[in-house]
Amino acid sequence: MVKKIISVDPKKAPWEQDTPLHNRWHPDIPPVASVKQGDKFRVECVDWTGGQIKNNDSSDDVKNVDLSQVHYLSGPITVEGAQPGDLLKVEFLNLGPLDDDEWGFTGTFARENGGGFLTDHFPKATKACWDIDGIYCTSRHIPGVKFAGLIHPGLIGTAPSAELLQIWNEREATLVSEEGTDAEKTLCGCLATRPLACLPEAKGAMLGTLGHFVDKSGKDELWDKIASEAARTVPGRENGGNCDIKNLSRGCTVYFPVFVEGANLSMGDMHMSQGDGEVSFCGAIEMSGFLDLRCSVIKGGMKMLPAIGPSPLNVNPIFEIGPLEPRYSEWLVFEGISVDEKGVQHYLDASIAYKMAVLKCIKYLSQFGYSEEQVYLLLSCCPCEGRISGIVDVPNAVCTLAIPLAIFDQDVRPPSDLEHFAKGIRVVEKDVCISEEGGAIPFDPRLAK
């Protein structure tokens, strides 16, 4: 018997839910539920934006999304017996969409409000909506494509200790402070995603039972202190977090480090399907959903995780992949090397190599009657496989991107007769939603009520 411990209503705003949600990491955010080791329990989650994106034919909601609010997480959940230094073993028993909310979205942010991996090529906000039918998904905005999803949480992790939180905030603040100086990292000039890191911010913060920024900011000394320290949920870190690993699905087991008493496990950012890299940033098929889980504790087990770095807290979770995933036997594979689109040579840079593989795939598939925007969103959410194929042969890293051929309703392999192929190309009759460039203003109209 699976016991539901956290319920959500996707028709309500995050701050209206019966069980308070949170969108920051901090050890002092109180747990909202508790479980015993071995219990089977269900957790429901809203989509990562908290319902800001709608199932319609306009991408202006993506253009003007309020990113100070994300990600909305269900939890924290305390696990009986978990102590700092333990390992929390989390088994994924079942996952799925919420009843009567079987849809999702994929998008790209506007350059001036979020950006993304290919913002220098695609500066406008876009959106595609997907219908979920069992294990399959299709989109009216990208016709001619159908594939099976692998449902997973993009974000799941344990709460940081005060010491680990300080490590995060100090190193990320250093990175941000280097922008525009001689210390700026080389890759900052090659990728257009900004800011370089999302530092603690009271605006948009929801701290579980401690309250929402609209009601608490500037009015509650404890709330203000925690909000000024609490880490944003944007990146993956030592606690797990927003790692966007598509294999965390049914049958998977994750071993999380425990940094606080009870572990304080939280999760959200549910995905119907995702391509490796989630390259569009707004990027998988984002949805509300549920997880059925079971937890147990390995006492003192955190010492099994290799600590590589200046602190013994510099560890990361490990996981076992479950036995279920979409099965595809034929693939078309695109290769990228660490020479950018300007012809500049980079040294063993896998990010540049993967960017080039993605760009080449977009350009290639757009010859088959898809817009480049359609292909970009598709590569972010279909079950494509990314690989670092070479990382030692100076000066070029080599990355590959493999696309399953069976997801298309046409043969997208290079044709033997180009003249005949050219006569049969279909035009783009239905495209993704695309907003006008410029002028994005982050705004959630629900907060104005």
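In the predicted model, Ile388, Ile391 and Val392 make a nonpolar surface patch of about 300 Å². Of these residues, isoleucine 388 belongs to strand S21, which covers residues 385-390. The relative accessible area of isoleucine 388 is 56%, and because the threshold for exposed residues is over 50%, isoleucine 388 is classed as exposed.

Strand S21 is part of an open sheet of three strands, arranged in the order S20-S22-S21 with antiparallel pairing. The edges of this sheet are taken by strand S20 (331-337) and S21; each has a single partner strand, so one side of each is left without a neighbour in the sheet. On average, neighbouring strands of the sheet are turned by 25 degrees against each other, direction ignored. Between S20 and strand S22 (residues 398-404), the antiparallel pairing extends over seven bridges. Glycine 336 has cysteine 399, in S22, as its bridge partner. Helix H5, formed by residues 350-365, packs on this sheet and touches S20, S21 and S22. The direction of H5 makes about 135 degrees with that of S20.

Arginine 387 and glutamate 385 meet through their side chains in a salt bridge, with an N to O distance of 3.1 Å. Arginine 387 is partly exposed at 44% relative accessibility, and glutamate 385 is likewise partly exposed, with a relative accessible area of 21%. The value for glutamate 385 is 21%, and the buried class requires under 20%, so glutamate 385 is not counted as buried. Through salt bridges that share partners, Lys246, Asp276, Glu385 and Arg387 are joined into one network.

A further open sheet contains six strands in the order S1-S4-S18-S6-S15-S19, and its pairing is mixed. Strands S1 and S19 (318-320) form the edges, each pairing on one side only. From one strand to the next, the twist averages 30 degrees. Both senses of pairing occur around S4. Strand S1 (residues 3-6) pairs with strand S4 (residues 40-45) in the parallel sense, over three bridges, and isoleucine 6 is placed opposite valine 43 of S4. With strand S18 (residues 289-298), S4 pairs in the antiparallel sense over six bridges. In this pairing, phenylalanine 41 has leucine 293 of S18 as its bridge partner, while arginine 42 stands opposite aspartate 292, also in S18. In a regular strand, side chains alternate between the two faces of the sheet.

Helix H6 (residues 372-381) is largely enclosed by the rest of the structure, because eight of its 10 residues are buried. The buried residues of H6 are Gln374, Val375, Tyr376, Leu377, Leu378, Leu379, Ser380 and Cys381. The cover over these residues includes strands S7 (103-108), S8 (126-133), S10 (147-148) and S17 (281-286), together with H5 and S22.

The model contains 24 salt bridges. One of them joins aspartate 66 to lysine 203, whose closest N and O atoms are 3.5 Å apart. Aspartate 66 is in the loop between helix H1 (60-63) and strand S5 (73-79), and lysine 203 is in the loop between helix H2 (162-178) and helix H3 (213-216), so the pair ties together parts that are 137 residues apart in sequence. The two partners fall into separate accessibility classes: aspartate 66 is buried at 4% relative accessibility, whereas lysine 203 is partly exposed at 43%.

Another salt bridge is formed by arginine 237 and glutamate 172, with 2.8 Å between the closest N and O atoms. This pair also links distant parts of the chain, as arginine 237 lies in strand S13 (residues 236-237) and glutamate 172 in helix H2, 65 residues apart. Here arginine 237 and glutamate 172 are both buried.

Note on methods: Residues are numbered from 1 along each chain as its sequence is written. This is a predicted model: local features need pLDDT of at least 70, side-chain atom pairs count only at pLDDT 80 or more; totals for chains, interfaces and linings use all residues. Side-chain values use heavy atoms; hydrogens and water are left out. Patches are made of residues with over 30% relative accessible area and no salt bridge: like charges are joined within 9 Å, nonpolar side chains (Val, Leu, Ile, Met, Phe, Trp, Tyr) within 5 Å. Accessible areas come from the Shrake-Rupley method with a 1.4 Å probe; for residues, only the protein chains shown count as cover. A salt bridge is a side-chain nitrogen of Lys or Arg within 4 Å of a carboxyl oxygen of Asp or Glu. Helices (H or I, at least four residues) and strands (E, at least two) are DSSP runs, numbered from the N terminus. Buried means under 20% relative accessible area, exposed over 50%, partly exposed in between (1.4 Å probe, protein chains only). Two strands pair if DSSP finds at least two bridges between them. Axes are lines fitted to C-alpha atoms, for helices over the stretch in contact, and angles run from 0 to 180 degrees between N-to-C directions. Contact means heavy atoms within 4.5 Å.
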